[in-house]
Amino acid sequence: MAGYNRTRFVEELLERTESSPPSFTVHLHSEYWTLNQGSKFLYNNQIASLLDDIRAHRIPVDFLDLFEAAKVPFYDGCMIVELLDYRPQRNKEHTPEKPERTRAVLHPNSETLWADICSLNQRSGGKWSDRDALAIEAQLLLAISPPLCLDPDPHLTRMANHVLRVSTPTVPVSLKRKAAAMEPEEDETDKARRAKIMQFMTPQTPRIHAPK
């Protein structure tokens, strides 16, 4: 029931926002990917954790404050990501003239909900009690929860699988092998990690950011 409900919610949301700008855009190339036409990132770079969130259809909690600073649009508590895939399609060697365009919906979760509550509490001067936080949490859950589906459609399972298949950015096998053969990347400080992802708000001349 819940799966059918979410699928119907996603379809209706994508239909309503078809002509609206996405929250952000990811360009997928064979050897690298970019965020909003910003700098280039390798698929095994630490910043590629953003792609993991997109595959899982969840809002990236680590970047919530950056999205807020960039004033990216949210729709019904969700983010809409536009994926432009320039990689050769299966059984085809040549890069397509036009990218394959799909949209994916990223949903809030317990982590993003907690981050929102902390942010709201900070704005109010940090004066909330536990009771206040619980009341705000209840209001947020009510606002972001899709309506109950009391009449599920058995065909939605097939449709849900199709949506997941076309909207999930995959990592090329060759790049997976390269990543496995490389030395583990050293942990970066939170400040350096945020500095890299901030580049999507101020695009510069494309450069490939390779792991050290």
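1. The structure holds three aromatic pairs. Rings of Phe, Tyr and Trp (its six-membered ring) pair if their centres lie within 6.5 Å; planes under 30 degrees apart count as stacked, over 60 as edge-to-face and the rest as tilted. This is a predicted model: local features need pLDDT of at least 70, side-chain atom pairs count only at pLDDT 80 or more, and totals for chains, interfaces and linings use all residues. Residues are numbered from 1 along each chain as its sequence is written, and side-chain values use heavy atoms, with hydrogens and water left out.

2. F24 and F67 are stacked, 5.4 Å centre to centre with 10° between the planes. F24 sits in strand β1 (residues 24–28) and F67 in helix α3, so this pair ties together parts 43 residues apart in sequence. Both F24 and F67 are buried (under 20% relative accessible area, 1.4 Å probe, protein chains only). Ring pairs link F24, F63 and F67 into a cluster.

3. W33 and F41 form a tilted pair: 5.3 Å centre to centre, 35° between the planes. W33 is buried, at 0% relative accessible area. F41 is buried too, at 3%.

4. The second largest pocket is lined by 18 residues; L64, E68, T112, D116 and S119 lie nearest its centre. A pocket here is an open set of points on a 1 Å grid over the protein atoms alone, where a 1.4 Å probe fits, with protein on both sides within 12 Å along at least five of seven lines; lining residues have an atom within 4 Å of a point. Helix α4 gives the largest share of this lining, eight residues (helices are DSSP runs of H or I, at least four residues; strands are runs of E, at least two).

How values were computed: Buried means under 20% relative accessible area, exposed over 50%, partly exposed in between (1.4 Å probe, protein chains only).
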